[in-house]
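Dear colleague,

Here is the structure I promised to pass on to you. Please look through it first, and then read the notes below.

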Amino acid sequence: MAHKVTLIPGDGIGPEVVNATVRILEATGVKFAWESFAAGAEAYEKYHEYIPKELIESIERTCVGLKGPVTTPIGGGFSSINVALRRQFELFANFRPIRNLPAVPTRYPGVDLVVIRENTEGLYSGIEHEVVPGVVESLKIITEKASTRISRFAFEYARKNHRKKIHAIHKANIMKLSDGLFIRCSRSVSKEYPEITYGEHIVDNTCMQLVMNPYQYDMLLLENLYGDIISDLCAAFVGGLGLVPGANFGHQCAIFEAVHGSAPDIAGKDIANPTAVLRSGILMLRHLGEDNAANHIRLALEKVYGEKKHTTRDVGGTAGTTEFADAMVDALHTIPPPEPVLQEVEI
Ligand code: NAI
C-alpha cells in the first residue's frame, strides 16, 4: 500500500531539492501517494491564502509531511509559514541530528550530536508591537507546559537511543524568569532519568565550547531561538547546511524538513545539495517503518559520496542537483537492498 504523504516543495531551492529527494525515495521501491501543495507567497497567488486550507486538510489526513524550505519576508510581510505549521499541528519538538557523512571532508570528523529545539513558543510567538514610534516590544513566551513537554521528549529520546548526556542551554543569568522557567522544567524532568547525565550551559559560552570541542556534548536541549541559531552552527561541523536533516514531531503528526532555508543566492541554478532534504526523507522512512529503504539510501549515499564523482559544490564537488540525484538513483539500482537489521536511528 502506498504511504500518503503531504509534500510541500517550498520556495527558492525547495522544488529542486524536494524533486530530487522524491526521485530517490521512489527509487527504493517504496510506494508513496504524494499530495503536493504550495505554501507562502506562491500559495497566495494561487489560493489567496499563505497556507491553503487544502494543505491543512491534507496534513490532517496524512499526518506526515515532507517539506522544502519556505521563504519568509524580512522585516515585514507575512508571518513565517514554518512557525504557523508547527503551531497549527503542535509540532512541538524539532529534532536535528548532526552527524558526519563518510567521505565529506570537515573540520571535525566523527561528530554525533542531537539538537532538540522547542518549536512552539519563545520569541517565535510573534507577539510584537510598537509602543511609541521608535520603540518596539517583542514578547518571549515560555510556559511550564511546553518546557516540560520538550524536556520529556529529549530525555525519552535519550533513553530509547542510549544517549548519555543532555545539556539544557539558556540565558537565565539575564532572562531570569523566562529562561529560568525553562531550565527549572528541564532540571525537574532530568530527575526522572538518573542514567542520563544532565548539565546546564549558558548559550554564549555554549557557542564557544562547541567550536572548541563539539565532542564534549551529546544532546542539546534548547528553547526556540537558541535552537534555531545553534543548529546552523552545528551544521558547519559536518559540512554545512546542505547536509543536515530535521524533523518536527507532535503527538499526532510529523513534518520532515532540512535545517536550511530557501537559499535565494543559489536558487534556480540546479546546484543546491539535496542531501539535507534526502536525509530528512530517511528520517521519514524510519517514521513510516520503512527501515530497509532508509538503510538502502544510506548505503547509496556512502557510495556516491565515497566515489566523489557526483557530489555538489558545497562539499567540494562539481555536480549539480540533478546529476547528484541521477547518481543516487543509479546507486540504488546497483546496490542490493541490505538485509533487514535492527539498528538505532542512522541518517
Ligand atoms: P539559507 O539556509 O537559505 O542559506 C544560508 C546559506 O547556506 C546560503 O549561502 C545558501 O546558499 C547555503 N545553503 C543552504 N542550503 C543549501 C543547500 N541545500 N545546498 C547548498 N547550499 C545551501 O538561509 P538564509 O539565506 O538565511 O534564508 C533564506 C530564506 O529561507 C529566508 O526567507 C528564511 O526565512 C528562509 N528559511 C526557511 C526555513 C524553512 O523553511 N524551514 C529555514 C531557514 C530559513
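This is a predicted model: local features need pLDDT of at least 70, side-chain atom pairs count only at pLDDT 80 or more; totals for chains, interfaces and linings use all residues.

Helix α1 covers residues 14-27, and over its 14 residues it reaches 20 Å from its first C-alpha to its last, which is close to the 20 Å expected at 1.5 Å a residue. The helix α1 is mostly covered, since 10 of its 14 residues are buried, and among them are Val 17, Val 18, Ala 20, Thr 21, Ile 24 and Leu 25. An α-helix has 3.6 residues a turn, so residues three or four places apart point the same way. The cover over the buried residues of α1 includes the strands β1 (3-8), β2 (32-36) and β3 (64-67), together with the helices α9 (275-287), α10 (291-307) and α11 (321-334). After α1 comes Gly 29, which has a positive phi, near 95 degrees.

As for the whole chain, its secondary structure comes to 11 helices and 12 strands, and its C-alpha trace spans about 55 × 50 × 40 Å along the principal axes. A compact globule of 347 residues would have a radius of gyration near 20 Å, and the chain has 20 Å, so the two agree. Buried residues make up 56% of the 347 residues. If we take the contacts between residues at least 6 apart in sequence, 74% of them join residues at least 24 apart. Finally, the accessible surface comes to about 15,300 Å², of which 56% belongs to carbon and sulfur atoms, while the mean positions of the 35 positive and 42 negative charges are 5 Å apart.

With best wishes

How values were computed: Residues are numbered from 1 along each chain as its sequence is written. Side-chain values use heavy atoms; hydrogens and water are left out. Helices (H or I, at least four residues) and strands (E, at least two) are DSSP runs, numbered from the N terminus. The radius of gyration is taken over C-alpha atoms; the globule rule is 2.2 Å times the number of residues to the power 0.38. Buried means under 20% relative accessible area, exposed over 50%, partly exposed in between (1.4 Å probe, protein chains only). Contact means heavy atoms within 4.5 Å. Accessible areas come from the Shrake-Rupley method with a 1.4 Å probe; for residues, only the protein chains shown count as cover. Lys and Arg count as positive and Asp and Glu as negative; His and the chain ends are not counted. The place of a charge is taken as NZ of Lys, CZ of Arg, CG of Asp or CD of Glu. The expected span of a helix is 1.5 Å times one less than its number of residues.
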